[in-house]
Amino acid sequence: PEPEPEPVWEEASKKKKKKKSKSASGGDAAADSSADAAPAAAAKPSIEDEWTIVEKKEKKKPEPVVLAVEEVEDDGSVTMELGDALGTVIGRGGSTIKHITAESGAKLDIAKGETLVKISGDPEQVKRATTMVQQVLDKRLEELANMHTVVIPVGNKASAVLGKGGCNIRKITTESGAKVDVSCEAGTVTVSGSEEQCAAAQELVKVAIHGEAQEAIDLGQRGVYIIMGPKGATIRQLQEESGARFDIDSPNKKLHISGTKEAVVKAAALARSTLLKHSCELDVSVQDTDIGAVVGKGGVNIKQIQEKSGANVEIQRGTIPGMPSIIKLIGTQEQVAMGKTLVDKFVAREPELKKGEICETMELGGATGLVIGPSGATVKQLQADTGAKVDILRGSGTCKVWGPKAAVAAAKEKIQEKINQFKEREAKQAAAAAATAAAQAQDMADMANGGWDSGAANMGMGGWESAATPGWEPAEDPTAVGGLYGGLPDSW
């Protein structure tokens, strides 16, 4: 029997070994090759100073590589080793292998975790599929031979290259065809691909960082707050609507807009419209006794007004004691109106009620001091005993009680006890004062009418007798001895 022909892969391996041997020997051919490569390197296109070329390889177009045929089955199927080129043959989402299958009519099977592809079908289908796989790999080898790698220093702008949710880097990769790797830690962007792909990727990276166009708008302190919005809501909305990038330079109170020309034009118009829309102002006068309630502890109420209304709040304190302060509200008409409602609410000390809570108002009148107690001790104890909250408006006798219904009822009962105590005390004092006034009035009337009882006249001193004052007798007409009390001795 005739000997079987040698497999093609062995011949290919011998050729490769010979090439390796030549390269290792370092003969004249290698020197000539190096000399030829020098002019090519010198002729490479210039790249801006800000880009750093890490590696650039230029080689002649490689000859088609003969793939190893591992095994030819009796049914005519062929098994091929793909190695690192497995992903290239499969393609994104399986697009390449699907195309080969559809065009050739052959069936291509790749076992999970393997790099072998089995091509089966009739001889013509297998031949077409094998050729197409070969073409895919030849193209990939050519790309690798001409691969360029460029490292772009971007500093703290790496996040801008990535974009929200990776949108920018996906766009750069898709439009340029280059491989793009971003290192936020190193502040670099590494671009790999053909010379054309790298150049296109570099331009797209620049656009991602600086944009095709830029515009700056002076904001002022108020404008910074307006463009930012509550917790950054406004600036996020403006960026989403325009597609441009917004950067606020807080020290200089400026807004920098970057992106495509169309996006920048749209963004600038939106920003100016937002500033104009939020230019409504309203001054609310607040008495000096109420300004503390509006501001709140540590400014908590002012923050609440700004967050709930969206308006900006500025406070102009009165310059002298007793002079009202001015709360300036700035924003849209709706925001300013909501802000004023909240300011009025804090002035009136209207509490924030939780679910199931109630609020009731009581008039304390003169009992305010009794309810408050020394240094507020009584009202503090009342709140602790009942669980209700009690707020007495400064300078008035109005008291607000809020909390759970049962707690409010208990607090009102204790407050009413204090009011009743005050009323009882007032009634006693009033009765005593009335009795004293009546007695004095009666005495005056008796004296005016001369109806004195010389033996027991009621002068508020247990009575007196004329004999108690030797040498003095009351006249029939008291005025006859120098007026009403003109006749009293010096010792009286």
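1. Helices (H or I, at least four residues) and strands (E, at least two) are taken here as DSSP runs, numbered from the N terminus. The model is predicted, so local features need pLDDT of at least 70 and side-chain atom pairs count only at pLDDT 80 or more, while totals for chains, interfaces and linings use all residues. Residues are numbered from 1 along each chain as its sequence is written, and side-chain values use heavy atoms, with hydrogens and water left out.

2. The second largest pocket draws the largest share of its lining, four residues, from helix 5. At least two lining residues each are supplied by helix 3 (86-90), helix 5 (123-145), helix 7 (167-176), strand 7 (179-183) and strand 8 (188-193). A pocket is an open set of points on a 1 Å grid over the protein atoms alone, where a 1.4 Å probe fits, with protein on both sides within 12 Å along at least five of seven lines; lining residues have an atom within 4 Å of a point.

3. The space in this second largest pocket is about 740 Å³, a volume being the space filled by probe spheres set on the grid points, which are joined across faces, edges and corners. Its lining comprises 22 residues, with T88, R140, E143, G177 and Q197 nearest the centre. Five of the lining residues are nonpolar, twelve polar and five charged; Ala, Val, Leu, Ile, Met, Phe, Trp, Tyr, Cys and Pro count as nonpolar, Asp, Glu, Lys and Arg as charged, and the others, Gly among them, as polar.

4. Strand 10 and strand 11 (residues 254-259) are joined by five bridges, and F246 lies opposite I257 of strand 11.

5. Another open sheet of three strands has the order 12-14-13 with antiparallel pairing. Strand 12 (280-286) and strand 13 (312-316) stand at its edges, each with a single partner strand. Five bridges join strand 13 to strand 14 (residues 325-331), where I326 is the bridge partner of Q316.

Definitions and conventions:
Two strands pair if DSSP finds at least two bridges between them.
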